[in-house]
Structures are given as C-alpha cells and as structure tokens.
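Here is my note on the model, as numbered points. Please keep the sequence and the structure open while reading.

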Amino acid sequence: MKIVSIISVFLLSFEYGFASDDDYFIEELYMNPMPNGFVHSHFQFSIFSNSNLFRSSGQHYDLFPKAVGQIIESHDVKELHLSLTQGLWRHDKWGYPVRSSPPGAELWAWFNETPARSIDESWANLVNSLSGLFCASLNFIDATNTVVPNLSFRPSGVVRGGECPDQDSVRYASLPKENVCTENLTPWQKLLPCNSKAGLSTLLNAIRLYNAHYHTLTVDVQPVCQSYPACTSTVLRLTQSISVVFRPTLNAGHQQWSLQSLFDRPLKGSCPLAVKSYIHVDISNESISLDYTLNPPPSKVTSDDHGKVASYDVAEMTQGRSSLNIKFKWTSKVIYGKANPPTLHAHRFIAGYGQENGGITCMIYNNDISNAVDVVYMETLPWYVRLYLHTMKIKTENGTDVKPDMLRFVPGRDRGRPYLLELMFTLPPASVITFSIQFDRAFLKWTEYPPDANIGFYLGSAVISANLPSSANFTTARQLQDASLPSSSSSSPGSEQFIRIYTEPLLLQLPLPDFSMPYNVICLVCTVFAIAFGSIHNLTTRRLDYEKKKETIWMKVKRRIPFLGKKEKKDSKESKEEKKEDGRARDASSTNEDATGDAGRTKEDVAKGTKVD
Amino acid sequence: MAGKNEYSYPISKMAAPCAIWKRILSLIVIVVLISHLSLCSSHEETAETFFKRGHTNNWAVLVCTSRFWFNYRHVANVLSMYHSVKRLGIPDSQIILMLADDMACNPRNPRPASVFNNAYQHINVYGDDVEVDYRGYEVTVESFIRVLTGRLPPSTPRSKRLMTDDRSNVLVYMTGHGGDGFLKFQDSEEISSIELADAFGQMWQKRRYHEVLYIVDTCQAVSMFQQFYSPNILGVGSSQVGEDSLSHHVDSAIGVYIIDRYTYYALEFLEKITTTSQKTMDDFFKVCPYNQCHSHTGYRTDLFQRDISKVLVTDFFGSVRNVEVSTSRLPLSEVNHTRSKVETKVSGGTYYYVDQFPSKPAENSEDKKQRVQFSNQFIIANTILLAIAAVVLVSRR
C-alpha cells in the first residue's frame, strides 16, 4: 500500500547512492508535536557500509566508525541493539515511539557461530567492550541477568536464504538501574561522521536533552538488503538515534516551540558528509480545531493514510541563511483533554505485601474494537525473585481464563541464571487481560547487597511484542529509513505493523540485614553472652561435693618405708585415721595436729571437688 | 671494624712495591677531574635538562569514592581536577575517571547534566566532553587496586586500563571520607594506607610509573601516604592526622556543599597555570595555608629524588609534549582511494527478513505433551537409590 510506495520511492532514490562502493550517511530529525503539549524529537543517524565486514579483516573504515566495526568483527556479532534510556515512554499519552526502549540499559545481540569461541564467551567480551566504548556499566551483565529468548527477539536484519536462525545464538540482558548522562553522549557523538561539529548533531545540547521527560540513546547494527526486493547482497547499517520528549512551557495558553527554544543551539547547516539531511515535522494532528503555523514553509509535504508530514531539506534551506530555525505554533489554546490511548498498551506492578513473598501483575489493554491481537509477553526476573509457575493466571475482565498458545519457562538457578517466562496469547477485541504470578523473595548473602541497598532492587521491564493490524489508529515515523519496514512488506504488504512495547520496571524490597556496625554488634553480643550466660550457668548449676582422697602410690610407699618423724607423724595420722574410723578419742596436741591435718586435707578435698566440678 | 682491619692488611702489604704506581694513578685521576671540572659548566646544563624531563607521557587517575547526594562536593572536586587536567593537555585516553555516584543526572539535581564547583562563577565542570571510565557500583577498592597494578581481566577495554610504562608520570587524586589510615569507598568498604602503599610498591616493581604525585583530600588525609615506601612518590594531603578537612561553601540553589576547601584553593592555583607555566611543586605545596583551609596541609617528599623546587607543576598536571618544528618539506605519495576488492560475492543465495512475530503453533492438542526433562544426575541417582532399596527389600526377606 502506501507504505510500500514510500519505501520504494526512498529505495529507488538509493539505487544511485549504491552505485559507488562507498559508505554513505543519512541524518534525519523527526518531530511530532502532540496536541497534549508534548513534543517528541527523534534524531536518527544511519551509516550504510557496503564492505563486507563479516569476513574480512584489515578493512578500510570510511564513514563507518572503526570502534564499532572492530567490536563487531572481533566478537562475531551479526546484530547488535543497545539502548540507554532515562524515563518511561507513556504509551497512553504519546502513542508509539520510533524505536522503543525500556528504562535503563538494554542490550541484545545475535552472534555468528564460530568454532573458536562459545557464544557465552563472545557475549561476555562484547559486554565489556561496549562498556568501555559507551562509558556505561554494561560489564555488570553476566550469566545472572542474561537470557536466551526464543519468541521475542528475532533477528531484525536479513538472514541468508535457506537458513533458519539458530535460537541459541541470541542473548538479551537489561540493567534497569543504569543511568544515562553526558558521559554516554560524548563517546556516542564521536562515532558520528560529523561528530558534533556540523549537521543535526549540533543540536544535541546535553543540558536540554537531559532535562526532558524522556530521553534515550540507541545504537543498532544490523545487515540490511542492498537492493530491494531482489536481496542478493547485504549492507551493514549502523543506526544511532536519540529520542527526546519535551514539554515546552505555555505562552499565555498557546504552545509554540522552535528548534532554538528546544535545543538552545542554532542549526547552521547539514553535515557535508551526509547524502540526505532532513527534518520531518509530523502534522497529522491538523484539523479545524487544531490549527497550526509552521515557519519557514517546508520543502515538501507528504500525506498518506497514516499521516501528514512536512519535510525540510536542511542542506537546501541553509544555503541562503545563516541558520535554520523551524518554528511551530498552535493557533488555538492547548486543551488538556483525555488523550486517546493507542491500540495496545500495558501496565505492570508489584502486588502483595511483606518481605517474604509477593506477586507481579500486568494488565494489557487491547483498545481495538474489531480485531483480536496476538501478543508475546516476555518476563525476565533475577534469581532472587523465585517465581512459581503454577500460580500464573491469565484472566479477562469477566474472570475467564485465557490459555496461552505457547509457553516457555526457564526456571532460574540461585546465583546462576535468571527466570525467563515467554508466553503467547490472544487478546480479544476491546478487552483488558490481567496476567499475574506469585514469587518468593530470597534472602541474599550480606556481601551481595549493593552499597545503597535500602533503595531496593530493580526488576527489568517486561517486553510485549505484537503484530498490530494496519487499520489500527496510530502514527509512527514511517518516513524514516526503518530497516524493519521491508519485512512487513515482504510478507503481506502493509497489513500488519510489528511493535514492541516495554512495561514499567519494578522496584522490589528484599529483606535486608542491619548493615550498621556488624562487627561491633557481634563483639558486644558475644561478650555479654559469654560473661552473663557463663557466670549464671556456673552459679546455678555447680555443685560442691566432698570426695574421698584416693591413696596414691607415693603415699603407699611413704607409709611402708620407715623414715623420720614426718613419717611417724604420717603414720600416726594414718593410725589416727584408722582410729577415727574405729571411733576413738585423741589428745589435745594430737587433735590439733589432726585438726590442721584434717583441715589441710579437707581443703585439698574441696579443691579436688571444685576441680572435678 | 673487623672488616676494616681485614682490608687494611692487604693494602699495607701492597703499599711498599706499588707506591710509585699509586702516585701515577692518583696524578692521572687528578688530571681527569680537573678537565672534567672545566667541562662541567657546559655539561651541567645538558645534564640538568636531561634529568628535567624524565617522563614522556602523563596519566591521571581521579577517584571519587563517595555515594549519595550530600556528597556532591566530592564529585565536584574530582570533576574540577579533571577539568584542569584536560585543559592542560592530558587526553581522555590517558585519564581514568572514577565517580562513585552520578550527580549530574541525579533526579535531585536542579540543573541536569551539570556539576558546579562554585556558587558564584557557575563553571560547569561536567561539561560537554566528559568520559567517565568507572562509575557507580564499579568504583570499589578491588577495581581501584586492579587499575593501579594492572591486574585486570583480559576482556577489560582499553579505556579502563592504566597502560603506563616506566616513563609515565601519574597523578593520583583521591577524595571522599577518610580516617586515620583508611579511606571509605561507597559507604561500604575501606582501603587502608598499607594496601595503597603495597599497590604502589607493586607498581614500582612492575615499572609502571616514573614519578607519582598523590593528592588526597579527605579528613586525616596525611595518614594515607605515610606508609608509602616506593621511590619517586610525592604525597600531598589536605589535613594532618587528627584534623578534619572542611568543605568550602553551600550553593543554596543546589542545597548541598559543592566544593572542599583544599580543592577549591588548589583549583584557584591551577586556573593560573598554563601549559608553558614555570611554577614548581614547591608553590603548589604552599597552596591553602591554615587560614584558608582551617586544617594543616601536609606533604611528603622524602621518597622523591628530585628537588621539588625544580619540579614543574605541568610535569604532573599537564601533558607537555616536546615538539620539534621542522621547515623542510616531506614528499607524500599519492593515496590510493580505491578500496581493495574484498570478496563480497556471497556464494549464491538470497537474503530475507525474518518474521518478527513468531508463528502460532498448529492447533494439535494431542501433541501438547508436557515435556519434562530430568537431568542425568537425577536419573543416575534415582536408579542407584531404587537398586539399593530393591536389594535391601530382597535381603530382608
């Protein structure tokens, strides 16, 4: 349909571009002013490299950045998709983004099979290289948060005919806590052919970009068809995009924005290395009540079933002027009414209370009145969220169960592997499906907590993939060079549009130990325990008893061998003892001696008694 | 003493017949010395210039060890040093910047993507061109020591490695919360001064530095470098043992203290330094006296071989490269722009785009069996258990 015509127009124009074997670069900016006051700006920089980087080494890098090329070659990467996002895309207010991404960092890649390295090894090396290139902590991606999805992340680039992509060659991981700042933008900009010196990338002002409601930085590398539809050779495409959603302030109830007011930088010209440099402004929302003015007038206006777009050729428009400043103004005052939600959106949250167990519930809305939508729902949870598959329930509003068409569950292993749940089910028209599952919270070892453990632990977004019917009422930037567009036109032209939406990430509180002064606490408690308990136990349970003194061999010997007086005394003592036993009386002196002797003996006995006790 | 007696014996023996030879030898030595002295003045200059520039490259390791919004000033400290060091010429590829928390894009920052170190001048030390190598949870004692000693896993990227050699001057700047003999990392672990001294000892043994300037801006800072034993290290601390380092001022718009006193005055000094400046480390050590810092700064030069009054500040903070200007022309050959034809022909076949949405499985309820797979160990263990149980039962009969 119209989409095919638009694509064919663009692709035909590129038959000429493909004549030479050189790399070429396209920069585009897509702006969508929404009637509810938000302005979505999407910068897309695409570099197409004709050289076959998969096999050869020692390539001459022209416009394609060497840093990315070397990473792809050395880690046998077929496709790479990285996004760093701050903020959540509000589907119900803003529609669908051009390139969807979850909050935090997300990385997924398809690898080529090589005998030299296993895919896990390549993944680990890739993750480290990317963390160094983009100054992000991607090196925290390891086996405990990597999954191998089967249904959700299929190759978005071309695949050799006759080959089925091996499902084990894909890896997906997300870090929901990763933040994006200028330190990620700096190396990203250095990959562009014109850096930040010329062209649309001069508008990328960090202070304005990071003060927005939503911003994302993405890098996609994939092989695409060189000539369409006879796809006999491939071109490697690097797409770098930045998506920002601003909300410009109102000026006496009216809203207006211009490139200067949004980005605080003038656009002086296009990048000289770019084949095409365009700014597209989406004016599909024009109606009698929503009238606007666009200044300066656009180079051309294209309209089709799905929308109307005003395009500016930056190179042309900046030839005579010092800078190009596109000003847009709504003539009527902004009325914040209820926004029309799109066909498919979702809302996910944690259910339950306490620190022992809980649940995750996701509500998926299908606002299409006539069509049912097939949906793949993918959930990745870390190992300390122990899911119970038997508690999974998928219910409609009436309470009827929905049986999933496909179910794949990879249970997690403590400190080894996360939980992966992939489902495919159908959403009836105009319905809300509630998916819920229960889990147990694990108690981590005390060294496994992050330094700011009281914030909690982030659980990554769930991924919902769907094929939306073409009659679905939504607009998206179809004018941009989107690699996935030819795929829909190859199967059944213009019938369905594939989208991927991400839900909210969740913040989970795990049971925490008391981190304050563990050493002191242990010492104090142990000391108190030892002194108090030990003493009390001894006092209460010790019994003092007399014990007969056993005759040792030495005493026997002393008794028998006749020596001096001591001996006699001892003999007398012994005899006295014997006499005592017989019950006879004594003299006073001898009794004294007896007394001391007895006292000495009793002391010894007592001492012995205590020793025994 | 006994040794001396032993050695004096053979000399006295030789004295009698070799007296003449001794005299001739001494004469020759005197002549040589006199000639050397006359040449000394001209050689001295060349010798001095030779020893002045013992290093050929400069590196910097800038570490902020504190987390949380109220430690904004530590991040501002490190970023200010980063700003100065970059301005004076050290490239990003030779700076390892470690920030334990993100202040610029922190949700509590009223000025996103900027970090200020001065409430009045409003210089954004975060800037447009910043590359943070270790951030967030990556800043740990282990990673810091691994960076210094070079014992990193093989997959570590170049930007995270300290690839110094024996002709590198390294500036190490650490800031955060510290105590007597330790420095706190991220509120959860500490690095002790002995560990740090051993790390530098390892660096020396591996010849990973030519000279090191170690600056520490924490409470009781001097205790951090008191245990150092490796040569060629200069240490500067912002406070003595038993003293606290204090912060400078609050920015009421941001709501927290934004810079520490020692770093504030050190920056004032560094802002006046240019790449050709002749200021010496002696001047740098005089920065921030007690009336400004409210703490006594301390420094350590006993391990350092050169005289600090002759060591330039740019030896550590700048990356001064010797440039040889030549007026002669160099002939350049024509560059061949045609790329070598690499094998781009794929052996036949076409390419296609895969369906992004998986196809539904065929509606075959009979085939829907739940395939449960038992692991091999489970099967083996079970068979052994059943065998034992069977044997026991049979034997009991």
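1. Start with the loop between strand 12 (292-295) and strand 13 (300-304) of chain A, where A:Pro296 is found. The peptide bond that joins A:Asn295 and A:Pro296 is cis. Its omega is about 0°. Keep in mind that this is a predicted model.

2. Look for A:Cys135 in the loop between helix 4 (119-134) and strand 5 (146-147) of chain A.

3. Next, the contact between the chains. On the chain A side, 73 residues are in contact with chain B. On the chain B side, 45 residues are in contact with chain A. The area buried between chain A and chain B is about 5,200 Å². Carbon and sulfur atoms give 54% of that area. Which residues of chain A lose the most area to chain B? They are A:Arg154, A:Glu183 and A:Pro451, together 12% of what the chain A side buries.

4. The rule finds eight salt bridges between chain A and chain B. A:Glu178 and B:Arg135 form a salt bridge, with their closest N and O atoms 2.5 Å apart. Polar contacts between chain A and chain B come to 26 residue pairs, both residues being at pLDDT 80 or more. What kinds of residue make up the side of chain A that touches chain B? That side divides into 27 nonpolar, 29 polar and 17 charged residues.

5. Strands pair across the two chains as well. Strand 6 of chain A (residues 158-160) pairs with strand 13 of chain B (residues 351-353). The sense is antiparallel, over three bridges. To locate the pairing, find A:Val158, whose bridge partner in strand 13 of chain B is B:Tyr353.

6. Now a sheet in chain B. Three strands make an open sheet there, in the order 5-6-7, with antiparallel pairing. Why is one side of strand 5 and of strand 7 left without a neighbour in the sheet? Strand 5 (177-179) and strand 7 (189-192) of chain B stand at the edges, and each has a single partner strand. On average, neighbouring strands of this sheet are turned by 30° against each other, direction ignored. Strand 6 (residues 182-185) and strand 7 of chain B run antiparallel and are joined by four bridges. In one of these, B:Phe185 has B:Glu189 as its bridge partner in strand 7.

7. Chain A has an open sheet of four strands, in the order 16-17-22-19. The pairing is again antiparallel. Strand 16 (344-351) and strand 19 (385-395) of chain A stand at the edges with a single partner strand each, so one side of each lacks a neighbour in the sheet. From one strand to the next, the twist averages 20°. Strand 16 and strand 17 (residues 357-366) of chain A run antiparallel and are joined by eight bridges. For orientation, A:Leu344 has A:Asn366 as its bridge partner in strand 17.

8. Last, salt bridges in general. Over all chains, the count by this rule comes to 29. One of them is formed by A:Arg99 and A:Asp220, whose closest N and O atoms are 2.8 Å apart. A:Arg99 lies in the loop between helix 3 (91-94) and strand 4 (104-111) of chain A, and A:Asp220 lies in strand 8 (residues 214-225) of chain A, so this pair ties together parts that are 121 residues apart in sequence.

Methods: Residues are numbered from 1 along each chain as its sequence is written. Chains are lettered from A and ligands numbered from 1 in the order in which they are written. This is a predicted model: local features need pLDDT of at least 70, side-chain atom pairs count only at pLDDT 80 or more; totals for chains, interfaces and linings use all residues. Side-chain values use heavy atoms; hydrogens and water are left out. Contact means heavy atoms within 4.5 Å. Buried area is the accessible area (1.4 Å probe) that two parts lose on being put together, summed over both. A salt bridge is a side-chain nitrogen of Lys or Arg within 4 Å of a carboxyl oxygen of Asp or Glu. A polar contact is a pair of N or O atoms within 3.5 Å; within protein, one must be able to donate a hydrogen and the other to accept it, and residues adjacent in sequence count only if both atoms are side-chain atoms. Ala, Val, Leu, Ile, Met, Phe, Trp, Tyr, Cys and Pro count as nonpolar, Asp, Glu, Lys and Arg as charged, and the others, Gly among them, as polar. Two strands pair if DSSP finds at least two bridges between them. Axes are lines fitted to C-alpha atoms, for helices over the stretch in contact, and angles run from 0 to 180 degrees between N-to-C directions.
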